[in-house]
Amino acid sequence: MSDTAKTPYPFQFAASLEMTSPPNTRGRIPSLQTSRLRTMMLEAYSDPTKILAFPCSYDGLSSRLIEEAGFPMLFLSGFAVSSAHGLPDTGYIAMAEMCDKIQETVRVTSLPVMVDGDTGYGSPMNVKRTVESFAAAGAAGVMIEDQTWPKRCGHTKGKSVVSRGEAYARIQAACDARDEGRDIFILARTDALIHGWDEAMARAHEFKRIGADAVFVEALPDRDAMARCVQELQIPMLANIIEGGMTENLSAKDLAGLGFAAVAYPWTLVAAKLKAIRDALEGLKRSMVEGGPPPMIMGYSDVCEGVGFNKYWPPSWPVRTAKMTQKLFILIYKGEPLDYTEYRHTALYFHFASSTRAILHIIGCPGLFRYTHNVNVDPSSLGDLVKVVPVTEIPTSIAEDSICETVSRTPIRNGRLDLDWNCQNWVGDALKRLVDRGWITSEQRGMAIDRMADACLEAGDDGSIPAF
């Protein structure tokens, strides 16, 4: 680059300056949800009466139900998400699927979301990209482990781990992604207990030194091993309770007392889903065999509420549509168009739902009257407008073309020599055609004719223009 001085940007904005970060922030770009998660984890770590206990979710609905049940955070586990795809947790699910699940979840919940990042899906470069992508998708935390790929559930057979050097490179890449970009909580997991206690502790200590926010030693067998692990590492730790799995099923309170900051239950909702669906299918088949109705598992309103309809259509949010009407008036002019001083010219005036304004009337001279149709013309520009008589509203379901066509076919009484009465008769006849079509009532027509006659007699010479 040349030594030429750079031109400074000429405009300054307060929001572009260094701003106060939320508490317990580590990344260059703060994240409120990560701050919440890290703060809760540190609080639980420092208080043996508290623990972040949560079931693991697998989609938007399960995540929303966890929030509704009052849990403080979410964990999208690879085991649970794989099950939602109809697959075991054996490496079928990768970064793209997990990013989709993160976005699906953060749209419907307000809780911090920890996400299972498995091995990071490749080399340390892939680990960094995975962490960055999860953070960008909305994750508050990510777990990275030291298994080989394809990885598998930590309580099942056949798992293996990578070398220490590769394991440390993964966690370093994850912490670099956090420190250089959007903040995200780093949970470092080791499955190295398969090679003995010392190997697992060596890795966990190095994860702590590299900068992980918390550590998870998978498949600790019993209470004594759990207590020893917490005492040796002195860092926020996660316990993993799988009902019937390799770890002793201690209560959340017991785990808190041992010093764990968090405990996850990845098995619970998957087991509940399997059992509930199988039971429902058996019940449905029984109803078919017995000839009865299908079993009522939940009430209709409960299902609608459960999937969220009530939040989309609450009583306080009625569907609002613009009020559209079609109004009919009678216009009364004085003097024009034949300049008879006492002449009263009458016309029908429609305000259509399309916002079109139409004046329908007959003009001419005795024996030569003809129909005319003025569209979107100011009524006062056609002559000396002295009276406006409201008639009624016409249903918006009736097209304006149909109305105009019906009125245009009203016969003209050219045999009458009195122009004044001819216009009024034509208006009355046109209204009769609207009655015949069922668009206005006979009572409305009769009242309109009476008011038209009165208005013709009352039309004065004050020069004022009537209002609609």
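I count a salt bridge where a side-chain nitrogen of Lys or Arg lies within 4 Å of a carboxyl oxygen of Asp or Glu. The model is predicted, so I note that local features need pLDDT of at least 70 and that side-chain atom pairs count only at pLDDT 80 or more, while totals for chains, interfaces and linings use all residues. Residues are numbered from 1 along each chain as its sequence is written, and side-chain values use heavy atoms, with hydrogens and water left out.

**Entry 1: salt bridges**

I looked up the total and found 27 salt bridges in the structure.

For exposure I call a residue buried under 20% relative accessible area, exposed over 50% and partly exposed in between, with a 1.4 Å probe and protein chains only. Glutamate 145 is buried because its relative accessibility is 2%, and arginine 189 is buried too, at 4%. Both residues also belong to a network of salt bridges that links Asp89, Asp118, Glu145, Lys151, Lys159, Arg189, Asp191 and Glu218.

Two further pairs went into the notebook. Arginine 178 and aspartate 179 meet through their side chains at 2.7 Å, N to O; arginine 178 is buried, with a relative accessible area of 1%, whereas aspartate 179 is partly exposed at 35%. Lysine 432 bridges to aspartate 436, with the closest N and O atoms 2.8 Å apart, and both lie in helix H14 (residues 419-436), four residues apart, about one turn of the helix. Here lysine 432 is partly exposed at 38% and aspartate 436 is exposed at 53%.

**Entry 2: cavities**

Grid points are joined across faces, edges and corners, and a volume is the space filled by probe spheres set on the points.

I found two cavities of 30 Å³ or more. The largest cavity holds about 160 Å³ and has 19 lining residues, with Asp116, Met143, Arg189, Asn240 and Pro266 nearest its centre. Helix H3 (78-84) and strand S7 (238-240) are the elements giving two or more residues to this lining.

**Entry 3: pockets and the nonpolar patch**

Turning to open space, I noted about 540 Å³ in the largest pocket, which is lined by 17 residues, with Tyr58, Leu61, Leu65, Ala276 and Met298 nearest its centre. Helix H10 (268-290) is among the elements that supply at least two residues, and H10 gives the most, with six. By class the lining has 12 nonpolar, two polar and three charged residues, where Ala, Val, Leu, Ile, Met, Phe, Trp, Tyr, Cys and Pro count as nonpolar, Asp, Glu, Lys and Arg as charged, and the others, Gly among them, as polar.

The second largest pocket has a volume of about 190 Å³, and Leu61, Arg64, Arg107 and Val307 are among its lining residues. H2 gives the most to this lining, with three residues.

Last, I recorded a nonpolar surface patch of about 620 Å², made by Leu61, Leu65, Ile297, Met298, Val303, Val307 and Phe309. Helix H2 (60-68) and helix H11 (300-307) give two or more residues to the patch. Patches take residues with over 30% relative accessible area and no salt bridge, joining like charges within 9 Å and nonpolar side chains (Val, Leu, Ile, Met, Phe, Trp, Tyr) within 5 Å; the areas come from the Shrake-Rupley method with a 1.4 Å probe, and for residues only the protein chains shown count as cover. Leucine 65, in helix H2, is partly exposed at 39%.

Definitions and conventions: On a 1 Å grid over the protein atoms alone, a cavity is a set of points where a 1.4 Å probe fits but cannot get out, and a pocket is an open set with protein on both sides within 12 Å along at least five of seven lines; lining residues have an atom within 4 Å of a point.
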